[in-house]
Amino acid sequence: MTPALQPLRRIAAYCVCADGDEILLVRASAKSGTPGVWSLPGGAVDHGENPVDTVVRETAAETGLSVAVVRLRDVLADMRALPTRSLTIHTDRLIYEVTVRGGALRDRVGQPTDLARWVTLEEAKELPLRRFTADALGLPDAATDIRPDGVPEVPSFYAVPGPDGLHRAQRFAAYAVCTDRRNRVLLTRVADGYPGGGSWHLPGGGTDFGEQPGVALIRELVEETGQEGRIVELLGVASHRDAAQLGPEGYPIDWHGVRAFYRVQVARSSRPVIHDVGGSTAEARWFDPEDLDELPLTEVTEEALRGVGLR
C-alpha cells in the first residue's frame, strides 16, 4: 500500500526514433523519480508549447540529436506513484515517430537523464523500462512504475497563479469528429458565458485524472449528446494558447489546451439529449454536411472537419 500522495497532472511528449533495428532510449538519473529506468526520449510540455516542439527540444537536450517529427503514433495516459516525493502523477503522453536530422549522441551529467543509447528490441527487453515505453515498443510490461492504490479526487479544471501573477491552466482534452450511418455530423453548441459561446463545437471535453483519452471521449459523448459511439481512428493533436481567456470564472486565465481528435462512428444515432445539464454544452444536434456552411463554427471545429473532408 502506498501512503496518501499529493496529485499532480502534466502533459508530456515522447518520440520513437529508429535507426535500422535499433531504438533510441534514455536512462533516468539519480535526480529523477525513477533512477536507472529507461524510457523513450521526451518530457513535459511547457505552458503554451506545442507538443511537436516539446519532443524536438527534449530529444535534443537528452541525446544531443536533432530530430524531425514524422507523425503522431499514439496518445495515452497513465498514473504512477512516487512515494519518495509524496506524489501521484497522471501524465497524458503523446508519442511521435521521428527521424534524425543530425547531431551526435552524448551523455549528460547532473540532469534527470544521464545516458542515451541505441538498443535493439531484444536488448530493450532486458532493461528496466517505463511502462509507457514498453507499451509503445510492443514489449512485455516491465512493471517498473508503482501503481497508486486509487484515483485521487481532483477537479477537472483548476487554475494556479503563474510567475506573472496571472492564473494559468493547462488542460488535456479529447474531441470527436462524430458521424452516423447517414454521414451526418454531430455537433454541440457552446453555452453562453463560455469561450466561443453560441458557436458550434465538436463533442468531447477534458479528461479526468486517471482516465484514458478514448474512455473520456466516449463518456463525454454520452454526457453531452446521449449517443454511444465507437472510436475508429486517432486523427491528430492540436495545441492552442489563449493568454487571457475569459470564461465563467470571471477573471482572465492564461489558458493552454492540448486536444486529441478522434474519428467516431455512431451505429444507431438518435435524437441528441444533454445529460450534463448546466455545463458548457447548451445544445446538441445532427447536421447534414451541406448544412455546415451556415453554422458559426469554432476554429478548431472548422479545422477538424476540413481535415476529414467534411468542409
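# Briefing: pocket, loops and ring contacts in a predicted model

Asn 183 is found in the loop between β9 and β10. This is a predicted model, in which local features need pLDDT of at least 70 and side-chain atom pairs count only at pLDDT 80 or more, while totals for chains, interfaces and linings use all residues. Residues are numbered from 1 along each chain as its sequence is written, and side-chain values use heavy atoms, with hydrogens and water left out. Helices (H or I, at least four residues) and strands (E, at least two) are DSSP runs, numbered from the N terminus.

- Asn 183 is not a glycine, yet its phi is positive, at about 65°.
- Asn 183 counts as partly exposed because its relative accessibility is 36%; buried means under 20% relative accessible area, exposed over 50%, and partly exposed in between (1.4 Å probe, protein chains only).
- Ser 86, in the loop between β5 (65-82) and β6 (87-103), is not a glycine either and has a positive phi of about 60°.
- With a relative accessibility of 41%, Ser 86 is partly exposed.

**The largest pocket**

- The largest pocket holds about 1200 Å³ of space.
- On a 1 Å grid over the protein atoms alone, a pocket is an open set of points where a 1.4 Å probe fits, with protein on both sides within 12 Å along at least five of seven lines.
- Grid points are joined across faces, edges and corners, and a volume is the space filled by probe spheres set on the points.
- The lining of the largest pocket consists of 43 residues, and those nearest the centre are Arg 171, Tyr 175, Pro 195, His 201 and Trp 255; a lining residue has an atom within 4 Å of a point.
- Strands β9 (167-180), β10 (185-190), β12 (204-206), β13 (230-245) and β14 (253-266) each supply at least two lining residues, and so do helices α4 (213-225) and α5 (299-307).
- By type, the lining divides into 13 nonpolar, 17 polar and 13 charged residues.
- For this count, Ala, Val, Leu, Ile, Met, Phe, Trp, Tyr, Cys and Pro are nonpolar, Asp, Glu, Lys and Arg are charged, and the others, Gly among them, are polar.

**Annotated ranges**

- An unreviewed UniProt entry carries the annotation "domain: Nudix hydrolase" for residues 8-141 and 169-309; its positions are given in the numbering used here, feature names are shortened, and annotations may be inferred rather than shown by experiment.
- Residues 8-141 are 19% helix and 50% strand, with the end C-alpha atoms 24 Å apart.
- Residues 169-309 are 16% helix and 43% strand, with 32 Å between the end C-alpha atoms.

**Ring contacts around Phe 132**

- The whole structure has 3 aromatic pairs, where rings of Phe, Tyr and Trp (its six-membered ring) pair if their centres lie within 6.5 Å.
- One of them joins Tyr 14 and Phe 132, with ring centres 4.5 Å apart and planes at 45°, so the pair is tilted; planes under 30 degrees apart count as stacked, over 60 as edge-to-face and the rest as tilted.
- This pair links distant parts of the chain, since Tyr 14 is in strand β1 (residues 6-19) and Phe 132 is in helix α3 (residues 131-137), 118 residues apart.
- Tyr 14 is buried, at 3% relative accessibility, and Phe 132 is buried too, at 2%.
- Arg 93 lies over the face of Phe 132, 4.2 Å from the ring centre; a charge sits over a ring if NZ of Lys or CZ of Arg is within 6 Å of the ring centre and within 35 degrees of the ring normal.

- Ala 216 is in helix α4 and is buried, at 0% relative accessibility.
- Glu 220 is also found in helix α4 and is buried, with a relative accessible area of 10%.
- Ile 218, again in helix α4, is partly exposed at 26%.
- Ile 231 lies in strand β13 and is partly exposed, with a relative accessible area of 29%.
- Ala 216 and Asp 74 are 142 residues apart in sequence, and 15 Å separates their C-alpha atoms.
- Ile 231 and Glu 126 are 105 residues apart along the chain, and their C-alpha atoms are separated by 34 Å.
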